[in-house]
Amino acid sequence: MAVALRNLLSYLCRYVVLGFLVSSVVYSTIFLFGSENLQKNAAGLIQKGASSLSNGYGSGNQSPFDIENVRYSAQQMTVQAVRRGKEPNAHTIYEDFYLSKAFGNAMQPSKVIPYYLKAEGVFDKEEVTITTLITENRFEVFKKLVRNYRGPISVTLWIRDDDFRDQHFAALHALYASEPLLRQYVDVHVVVDRFDFQLNMWRNVARLFARTDYFMLLDVDFHICTDLKQHLRENEMARKFLREGAALVLPAFEFTDERDGEDSATFPKDKRVVEKLVQGKKLVPFHSVKFAPGHEASNYTKWYATDDVYQVMSFNWKYEPYVVLRREGTPWCDERFVGYGANKAACLYEIYISGIDYYVLPQDFLIHQSHAYPESKRSGGRKLNGELYSAFRDELCLRYAKYMYLANELYTHKAENLMSQCKQLKGFEDALKEFPRMWKSEPPPLI
Ligand SMILES: *[C@@H]1O[C@H](CO)[C@@H](O)[C@H](O)[C@H]1NC(C)=O
């Protein structure tokens, strides 16, 4: 009897649990698919965040971004198919869905809003768009950049999806209204999510939506001391390299005394003055004390001595100069690098490995501006990214070697960068020897 009862109880128990599971699945299905507020895509996160947030605004009140967000999430884009019959043959996709693939290696969900604010300016394709990244604490220094450059700027603004989100949006609108030059030159793309410092993804966003053929990867607190636009127009050689897809480096400096770095109006505009300041130890190549490999491959000694564009001869995987590049045909920054450390270097390394050479501009230079905002805790991610970068270099070397082997480019000029960097890696040359056995078919003949 007792046994039978126990059996019955456990039987019932199972049904209760099962019933609970079934009803909760049904309930969440209804909730997910039935809720008008909840978007199907990346915006779902924001909608959910918003509903808890809206309590703070008083019952039922939606914050301004909640309302905008519904509109953004309804945005669709059209993909044209080849038209074969009479019927128009287009396919539409939700923009959010498409963007989740465009930034598919980033942490998801992440809401990307291209051209949240779009400049009125129309730009010549030959111009260089500055691409940079900001959070709200960089607004003031960003404004300086805009006033100084007076050319196209594509900026990614990251807004954390938390209780302060709407204040950040309000601050952005205030910023845009405070300076007419922003309306003229600056496209603001907004990324809203809960992941700090997806720096490479943000870089890719700014580049993808840049509106000219060339872009500069720039950190927002650097001051462009020279008339870069003018110099690029005049320098035939530099233009030629750029058109061919090469990277053009602007040497970067910093003041030894932080106070000298506060007011960009006092910065030198001519490299002769830079040379004197460096001799007087007032100015030094950027990070030459903290992290010399970051910039020394630019060869500052040579830079003082020459008036011509010259090639970077001692590229290494720690090199992270500020560069101008062609928007199309350049590898994208690997979005798996999140947080500080190695992200820009990894991006520039892949660009180099892919066969793109680096050249230093002889007249132009940047100076780092000292800033009051705190350096956030940066050390945490560095170690992790250091290890990721080490694995990444192995991966890149093998991947590009394989591509180049199959394209029969492994013994051409295009592979020289790859060969010079990758042969330092253990096992790389042995792997190369295995290639002919791994792919039985002969690579196509050289044309
Ligand atoms: C810098 O350039 C000078 C002069 O061309 C050259 O002798 C030197 O080896 C170069 N140094 C590096 C680190 O590339």
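**A strand-by-strand chat**

Student: Let's start in the sheet. How many residues of strand β6 (residues 186-193) are buried?
Tutor: A residue is buried if 20 or more other C-beta atoms, placed from the backbone, lie within 10 Å of its own; 12 or fewer makes it exposed, and anything in between partly exposed. Strands here are DSSP runs of E with at least two residues, helices are runs of H or I with at least four, and both are numbered from the N terminus. Strand β6 is largely enclosed by the rest of the structure, because the buried count is eight of the eight.

Student: What kind of model am I looking at?
Tutor: Residues are numbered from 1 along each chain as its sequence is written. Local features need pLDDT of at least 70, side-chain atom pairs count only at pLDDT 80 or more, and totals for chains, interfaces and linings use all residues, since this is a predicted model.

Student: Which residue of β6 is the bridge partner of Leu117?
Tutor: Two strands pair if DSSP finds at least two bridges between them. Strand β3 (residues 111-117) and β6 pair in the antiparallel sense over four bridges. Among these contacts across the strands, the partner of Leu117 is Val188.

Student: And which residue of β6 does Leu157 stand opposite?
Tutor: Strand β5 (residues 153-160) runs parallel to β6, and eight bridges join them. Leu157 faces Val190.

Student: Which strands are at the edges of the whole sheet?
Tutor: The sheet is open and has nine strands with mixed pairing, in the order β3-β6-β5-β4-β7-β13-β9-β14-β12. Each edge strand pairs on one side only, and these strands are β3 and β12 (310-311).

Student: Which residue of β13 stands opposite Leu248?
Tutor: Strand β13 (residues 322-326) is mostly covered, with four of its five residues buried. β7 pairs with β13 antiparallel over four bridges, with Phe215 opposite Leu325. Strand β9 (residues 247-250) is also antiparallel to β13, joined by three bridges. Leu248 sits across from Val324.

Student: How many polar residues does the shell around the ligand have?
Tutor: The ligand is surrounded by Asn299, Thr301, Lys302, Met313 and Ser314, counting a residue if its C-beta atom, placed from the backbone, lies within 6 Å. Ala, Val, Leu, Ile, Met, Phe, Trp, Tyr, Cys and Pro count as nonpolar, Asp, Glu, Lys and Arg as charged, and the others, Gly among them, as polar. The shell has one nonpolar and one charged residue, and its polar count is three.
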